[in-house]
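Here are a few exercises to work through with the model open in your viewer. Try each task before you read its solution.

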Amino acid sequence: MQLTGHITPDSLMSLEAYSKWRKAHKPEVIAHRKLRSVQLGEHVNLQFESEMTIRYQIQEMLRIEKIFEEEGIQQEIEAYAPLVPDGRNWKATMMIEYTDANERKRELARLIGVEDRLFVEVEGHTRVYAIADEDLDRENDEKTSAVHFVRFEFTPAMCAAIQAGAAVKLGCDHTHYPAHTQIPMETLASLAGDLK
């Protein structure tokens, strides 16, 4: 999988080429995903996306749906490409995870607005709150969704601090889900690579 900085139909593999590539490279994509995953408290997981994770997601959708026509390929790119960080931000899939169905239903009702209370705090800088669900609203008056898409926008000074090795905290200050964690150094090193 060649990372080009811009996902286009021409930069994707054919279904046949991807099938061969997938067999040999799936473990490294899984390791990359795991490295970029941050657990926030007991029930929230943030999967920070990259060109590799999104390119893989698009290729997987094309493979599963057996899409090989230009229009279908373009639709998959348009659906997922906005989740690739653009040099000034981090983008993540936020998953609220409860194994018990009744508990999940109850907690999703209590956690309305939680996606807007996520923040990243770069050492020496003010908190940056998530911009959530820009593609469509994922909550209603009764509950929030178990999956949200969030973006954290950074100033040039924050980007420079992250690249210079500043500590970074991920947190949430929602009334019903107060939590924070230091982003591990290995994960932070990978995320720093998303910034220009």
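**Exercise 1.** Find which strands pair with strand 7 (residues 147-153), and in which sense.

*Solution.* Start with strand 3 (residues 89-96): in this predicted model, strand 3 and strand 7 pair antiparallel over seven bridges. Pairing takes at least two DSSP bridges between the strands, and strands are DSSP E runs of at least two residues, helices H or I runs of at least four, numbered from the N terminus. Next, go to strand 6 (residues 131-132), which is antiparallel to strand 7 and joined to it by two bridges. There, I131 has R151 of strand 7 as its bridge partner.

A note on conventions: residues are numbered from 1 along each chain as its sequence is written. Local features need pLDDT of at least 70, side-chain atom pairs count only at pLDDT 80 or more, totals for chains, interfaces and linings use all residues, and side-chain values use heavy atoms, leaving out hydrogens and water.

**Exercise 2.** Work out how helix 1 (residues 15-35) and helix 2 (residues 51-65) are arranged.

*Solution.* First, get the numbers: the angle is about 140° and the axes lie 11 Å apart. Axes are lines fitted to C-alpha atoms over the stretch in contact, with angles from 0 to 180 degrees between N-to-C directions. Now classify: angles under 35 degrees are roughly parallel, over 145 roughly antiparallel, 65 to 115 roughly perpendicular, and the rest oblique. Helix 1 and helix 2 are therefore oblique to each other. Last, the handedness: helix 1 passes helix 2 in a left-handed crossing (the near helix is turned anticlockwise from the far one by less than a right angle).
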